[in-house]
Amino acid sequence: MVFYVIGIGNTPPVFTKEQQNRIAACTVFSGGVRHLELVKKWLPTNFEWITIASPMQAVFNQYQQKDTPILIFASGNPLF
């Protein structure tokens, strides 16, 4: 599995060109529900979102089913 992590705050993010390119190259994304609301306008039309929530084993199971890189949006300390 390949994961990319982009840290964001609690306001709509301003992504660097490198981050924008990484987002455009991915189709599977993950983060909390509030992260989705903050980044949705940046995601490609065919995106899949995996919500990070308890129980975490269910999240890990979803990750294991993917054969494509997963981009995770994270905030807080330590990034979740």
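I started with W42, which is partly exposed at a relative accessible area of 30%; buried here means under 20%, exposed over 50% and partly exposed in between, with a 1.4 Å probe and protein chains only. A note on the source: this is a predicted model, where local features need pLDDT of at least 70, side-chain atom pairs count only at pLDDT 80 or more, and totals for chains, interfaces and linings use all residues. Residues are numbered from 1 along each chain as its sequence is written, and side-chain values use heavy atoms, with hydrogens and water left out.

Next I looked up F15 and found it buried, at 6% relative accessibility. F15 also makes a tilted aromatic pair with F73, 6.0 Å centre to centre and 50° between the planes. My pairing rule takes rings of Phe, Tyr and Trp (its six-membered ring) with centres within 6.5 Å; planes under 30 degrees apart are stacked, over 60 edge-to-face, the rest tilted. F15 sits in the loop between strand 1 and helix 1 and F73 in strand 4 (residues 70–74), so this pair ties together parts 58 residues apart in sequence. Helices (H or I, at least four residues) and strands (E, at least two) are DSSP runs, numbered from the N terminus. F73 itself is buried, at 0% relative accessibility.

How many aromatic pairs does a search of the whole structure find? I got six. One of them is F15 with W42, edge-to-face at 5.2 Å centre to centre and 85° between the planes. W42 lies in the loop between helix 2 (33–39) and strand 3 (48–51), so its pair with F15 ties together parts 27 residues apart in sequence. Ring pairs join F15, F29, W42, F47, W49 and F73 into a cluster.

I then traced the strands: an open sheet of four, order 1-4-2-3, with parallel pairing. Two strands pair if DSSP finds at least two bridges between them. Strand 1 and strand 3 are at the edges with a single partner each, so one side of each has no neighbour in the sheet. Twist averages 25° from one strand to the next; axes are lines fitted to C-alpha atoms (for helices, over the stretch in contact), and angles run from 0 to 180 degrees between N-to-C directions.

Strand 2 (residues 28–31) and strand 4 run parallel and share three bridges. S30 has I72 of strand 4 as its bridge partner. Helix 3 packs on the sheet and touches strand 1, strand 2, strand 3 and strand 4, its direction making about 150° with that of strand 3; contact means heavy atoms within 4.5 Å.

**Cores**

Which residues have the most contacts inside the largest nonpolar core? They are I23, F29, V39, L43 and F73, in a core of 13 residues. I count a nonpolar core as buried Ala, Val, Leu, Ile, Met, Phe, Trp, Tyr and Cys residues joined through side-chain atoms within 4.5 Å. Helix 2 and strand 4 are the elements giving two or more residues to this core, and helix 2 has the largest share, three residues.

Leaving out residues up to four places away in sequence, V39 touches I8, P13, F15, W49 and F73. A second, separate core has seven residues, among them V28, I50, I52 and I72.

**Last check**

I found a cis peptide bond from S54 to P55, omega near -5°. P55 is in the loop between strand 3 and helix 3 (56–64).
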